[in-house]
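Hi,

Here is the structure I promised to pass on.

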Amino acid sequence: MIYVKRMLSFVMFSVVLAALLLAASLVFYPKNNMSEFGMEEAQANGILGEKQNTIDVLVLGDSESYCSITPMQIWEETGYTAYVCGTSAQPLNYSLVMLHRAFEKQKPKIVILETNAIYRKISSGQALKNKLTNYFSIFQYHNRWKSLGWHDFFGKIEFTWTDDYKGYKYNTTVSPSINTDYMKQTETIATIPTLNVQYVHKIKKYCDDNGSQLVLLSTPSTVNWNYARHNGIQNLASEIGCSYIDLNLMNDQIQIDWSMDTRDKGDHLNYSGAVKVTHFISEYLKETGLLTDHRVDPEYAKWNDSFKKYEFVVGKVRAKK
């Protein structure tokens, strides 16, 4: 009897605690997806403000993704809609969170995962926090207590904002790399952490279950990439059965100039480098035959409006060339 009473007490305590955490989560969760409402990584979460079922291509990953792929150029060249949900130092557990968030309103036919994140270690603490956050957003937004207002208690969630650059972070700084011979061939295989492999499997399964094709993409980086890492990702891609594109081995097609196309000595691409990578991706997307050109579709008129704003900025750079 004592054991049963203790178990009942524990169950009751757990139920009450879960109810309190859920109630607090509803209050603390941002009611809009703008940074002033407390939304984390607002630029990436701008996808939440996009019209339902209008995103063709979703991009996940760390800063390599949002420095290398500019969706407005894809729109200009193909009429396909893409959104980069990349964030700085994004671990795969957060990639999975962003994947789930995007699919709440979107059904992209292609999901691109930039592979530098696959080698970024995830601690057990991060993984645990990720699981808790999936159920109770209070663990993600507990620091918002100072800025809570009446709307947080009584207002409904309305995601109204989206980024005109669709997650791309525009940068024209030039800082050359001298490490241009970084892809020396080797049979060495860079080991991917076991937990990371598990997360990639989860991402692949989620894509499969939702009718999306997962593509692993290594964007050019003399700092972050090498042949051993290429081998590791190639093996993983074969294991899970998805396409893998390593642009570091395709410079005859991409034509990255490491004296002009990087903003920080080969770590990330600048705008001129992103233009080259994005053009390749546009052509790749065309070849899949999966997507539709929306440029003359009135349902996508806001994309043309965003492109005008984007072109107003980047057109000045083009004019100088």
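The sulfur of Cys207 sits 9.0 Å from the closest cysteine sulfur, the one in Cys242, and that is too far for a bond. A disulfide here is a pair of cysteine sulfur atoms within 2.5 Å, and by that rule the count is zero. Cys207 is buried, at 0% relative accessibility; Cys85 is buried as well, with a relative accessible area of 0%. For these labels, buried means under 20% relative accessible area, exposed means over 50%, and partly exposed is in between (1.4 Å probe, protein chains only).

Before you read on, note that this is a predicted model: local features need pLDDT of at least 70, side-chain atom pairs count only at pLDDT 80 or more, and totals for chains, interfaces and linings use all residues. Residues are numbered from 1 along each chain as its sequence is written, and side-chain values use heavy atoms, with hydrogens and water left out.

Now the charged pairs. I took a salt bridge to be a side-chain nitrogen of Lys or Arg within 4 Å of a carboxyl oxygen of Asp or Glu, which gives eleven salt bridges. One of them joins Glu50 and Lys166, at 2.8 Å from N to O. Those two come from distant parts of the chain, 116 residues apart: Glu50 is in the loop between α1 (2-28) and β1 (57-60), and Lys166 is in the loop between α7 (150-154) and α8 (194-209). (Helices are DSSP runs of H or I with at least four residues, strands are runs of E with at least two, and both are numbered from the N terminus.) Both ends of this pair are buried, Glu50 at 5% and Lys166 at 2%.

Another salt bridge pairs Lys309 with Asp164, with 3.4 Å between the closest N and O atoms. Lys309 lies in helix α12 (residues 301-320) and Asp164 in the loop between α7 and α8, so this pair ties together parts that are 145 residues apart in sequence. Lys309 is partly exposed at 48%, and Asp164 is partly exposed at 23%.

What about Asp181 and Lys184, buried or exposed? Both are exposed, and they form a salt bridge with the closest N and O atoms 3.8 Å apart.

Lastly, Ala89 is in the loop between β2 (82-84) and α4 (92-102) and is partly exposed at 38%. Leaving out residues up to four places away in sequence, Ala89 touches Asp62, Ser63 and Arg120, where contact means heavy atoms within 4.5 Å.

Cheers
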